[in-house]
Amino acid sequence: MRVEITVNGQPHTREVEPRLLLVHFLRDTLSLTGTHVGCDTSSCGACTVLLDGMAVKSCTVLAAQADGCAVTTIEGLAGQGGLSPVQEGFRQCHGLQCGFCTPGMVMAATALLTEQPDPSEQEIRNGLKGNMCRCTGYQMIVESVQWAAANGGAR
């Protein structure tokens, strides 16, 4: 089937299998490998992207369901001036170790800060609860989101 999906501001029209997952469309069809496949069960959140501004696990969405939609991946967050505030927050506050969960965490944090520009620590923890990290223990991730909230938010 034919899909038209705008990814990171660029329109893409492709023929896809009706069962193709959005995560595989992004990684395999468009070569945007920043969106990670971590668990194949929607448990880890490493594949989180923004679909029309909402954080979704792209392993649970068919490419056909994204037809006509706008998708933002980790590759689409950085502006011409450099990293987004959320990305910079993860850099400044050491919110990553191995980096595997980082794209999904950054995307979930971006969605959170879009809806809640000044979240409490508990709101940050709740906003990220669908994303798992096996390395950091989450405290530095929370601090990264707090830094981003104080320095430009989701922008």
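View 1. The protein chain has five helices and five strands, where helices (H or I, at least four residues) and strands (E, at least two) are DSSP runs numbered from the N terminus. This is a predicted model, in which local features need pLDDT of at least 70 and side-chain atom pairs count only at pLDDT 80 or more, while totals for chains, interfaces and linings use all residues. Residues are numbered from 1 along each chain as its sequence is written, and side-chain values use heavy atoms, with hydrogens and water left out. Read from the N terminus, the order of elements is β-β-α-β-β-β-α-α-α-α. Along the principal axes, the C-alpha atoms fill a box of roughly 45 × 30 × 25 Å. The radius of gyration is 15 Å, which agrees with the value near 15 Å for a compact globule of 155 residues; this radius is taken over C-alpha atoms, and the globule rule is 2.2 Å times the number of residues to the power 0.38.

**View 2. The five-stranded sheet.** The strands form an open sheet in the order S2-S1-S5-S3-S4, with mixed pairing; two strands pair if DSSP finds at least two bridges between them. Strand S2 (10-15) and strand S4 (54-57) are at the edges with a single partner strand each, so one side of each has no neighbour in the sheet. On average, neighbouring strands of this sheet are turned by 35° against each other, direction ignored. Axes here are lines fitted to C-alpha atoms, for helices over the stretch in contact, and angles run from 0 to 180 degrees between N-to-C directions.

**View 3. Two antiparallel pairs.** S1 and S2 run antiparallel and are joined by six bridges. Val 7 has Gln 10 in S2 as its bridge partner. The two strands form a hairpin with two residues between them, and Asn 8 in the turn has a positive phi of about 50°. Strand S3 (residues 48-51) also pairs in the antiparallel sense with strand S5 (residues 70-72), over two bridges. Here Leu 50 stands opposite Thr 72 in S5.

**View 4. Helices across the sheet.** Helix H1 (residues 22-29) lies across strand S1 (2-7), S2, S3 and S5, and runs at about 75° to S1. Helix H3 (residues 102-115) lies across S3, S4 and S5, at about 35° to S3. Contact means heavy atoms within 4.5 Å.

View 5. On a 1 Å grid over the protein atoms alone, a cavity is a set of points where a 1.4 Å probe fits but cannot get out, and a pocket is an open set with protein on both sides within 12 Å along at least five of seven lines; lining residues have an atom within 4 Å of a point. The largest pocket holds about 180 Å³ of space. Its lining includes Cys 39, Phe 100 and Arg 134. There is one cavity of 30 Å³ or more. The largest cavity has about 50 Å³ of space, where a volume is the space filled by probe spheres set on the points, and grid points are joined across faces, edges and corners. Of its 13 lining residues, His 36, Val 37, Gly 38, Cys 47 and Cys 59 lie nearest the centre.
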